[in-house]
Amino acid sequence: MRIGILTSGGDCAGLNAAILAVVRRAVLGYGWDVVGIRQGTHGLMQDPPAVIPLNDYVNNDGMLRLGGTILGTINKGDPFHYPMPDGSFDDVSDKVIAGYRALGLDALIGVGGDGSMAILHRLAQQGGLNLVGIPKTIDNDLAQTEYSVGFTTAANVAVEALDRLQPTAASHDRIMILEVMGRDAGHIALFAGLAGGADAILMPEMDYSIDDLAEHCLNIRKRGRHHALVIVAEAVRTDTGEPVYQGADDQKARYGGIGHWLADKLGERTGWETRVTVLGHVQRGGIPSPRDRVIATAFGVHAVDLIAQGKFDRVVAWSQRKVIDVAMTDVITGPRLVDTDDAMVSTAIGMGAYLGHPPKHKRTAATV
Ligand code: F6P
């Protein structure tokens with residue numbers, strides 16, 4: 001048997017740990033050959049396909065600790081809508097399928113988020129590819145899994161940022177705003193906000209009022225504390241419901257800037273010195289946390305076992321301390337948002353943090 005593995009979408013910590021687990025299980029457990037495909041589906045489109053032979057990585061235990069992905073990745077270039085040099089878009093999906101055939105693959109493991117999984121699923125349907133998915137994204141917004149590879153490391157980085165902001169906020173009597181990633185979901189903001197003791201946690205799943213937030217901060221001062229920490233997810237909108245973007249490439253707009261918008265408004269309303277830190281891609285890099293390594297390793301082993309059992313079009317998932325597998329069609333349903341009834345939401349409110357209020361109609365994948 002010969003299997004391929006590719007990483008697709010934004011990188012995160014733990015991808016190399018997942019690759020190592022796939023190689024170890026496939027080579028040591030089944031005696032298979034493993035090839036790594038460079039730059040996601042882009043590598044399969046090349047003639048010949050761009051690959052890295054992976055069998056020798058079986059001994060590379062440094063992979064467990066290594067951030068990024070040795071295979072490279074892309075988060076644009078949908079083969080069904082591929083940007084051409086003249087500015088037009090073309091369907092080049094047949095090239096990707098031809099790459100899979102040229103490599104003589106018996107199966108392909110795709111490590112990706114919901115966008116990548118949707119594309120890979122469509123390719124598998126069209127070309128009859130034997131596909132298994134491993135969920136990864138710092139956003140933790142894939143349906144059907146409690147954790148995706150990369151989330152815990154990113155959340156830990158955000159907690160560390162709050163740990164570092166708190167003493168400087170206290171020293172200068174300031175409001176410190178931390179803007180974190182997460183795309184359309186607030187998982188990083190909620191988890192890090194709770195662990196890092198934020199006084200306000202703003203997420204796209206909840207509505208908020210800038211006046212209420214200002215009053216909340218002023219009440220903290222009345223209670224005798226002269227600094228405050230606010231964490232805001234990048235997709236939180238302005239008070240008039242406008243998303244804040246920092247730019248766009250050929251295919252999608254990029255969030256960024258809500259932290260500075262909030263700082264202006266809060267500063268005006270409270271008269272309090274306010275500073276902003278935008279954490280950005282720091283959340284994606286670095287050494288994977290132990291939990292991400294464990295999850296990536298468990299996912300890699302299970303994905304190879306699924307191939308051995310001839311089970312395809314499945315995605316491995318984490319559920320109640322177990323690795324399970326679910327139908328890919330149940331995962332590519334759009335982003336899994338924070339449930340406003342989540343225990344972390346009520347706990348943060350119980351701790352006196354400002355989270356705003358649930359919208360009249362709960363936000364779901366279909367409404368973002
Ligand atoms: O999906 C992962 C993510 O890091 C998001 O949280 C963020 O909005 C986006 O990717 C950033 O993308 P890029 O790397 O293209 O700037």
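Reader: Which residues are around the ligand?
Author: Around the ligand are N75, I138, D139, M181, G182, R183, E234, R254, H281 and R284, where near means a heavy atom within 4 Å. This is a predicted model, where local features need pLDDT of at least 70, side-chain atom pairs count only at pLDDT 80 or more, and totals for chains, interfaces and linings use all residues. Residues are numbered from 1 along each chain as its sequence is written, and side-chain values use heavy atoms, leaving out hydrogens and water.

Reader: How far is the polar side-chain atom of N75 from a ligand oxygen atom?
Author: That N75 atom lies 2.9 Å from a ligand oxygen. For R284, a side-chain N or O atom is 2.8 Å from an oxygen atom of the ligand. With G182 a polar backbone atom takes part, 3.1 Å from a ligand oxygen. A polar contact here is a pair of N or O atoms within 3.5 Å.

Reader: By class, what's in the shell around the ligand?
Author: Two nonpolar, three polar and five charged residues; Asp, Glu, Lys and Arg count as charged, and Gly as polar.

Reader: Switching to domains, what are the bounds?
Author: Domain 1 is 2–149 + 288–331 and domain 2 is 154–283 + 338–350, with bounds from an automatic or database assignment. The ligand shell draws at least three residues from each of them.

Reader: And how far apart are their C-alpha centres?
Author: The centres of domain 1 and domain 2 lie 33 Å apart.

How values were computed
Polar contact = N/O pair within 3.5 Å; in protein donor to acceptor, adjacent residues only side chain to side chain.
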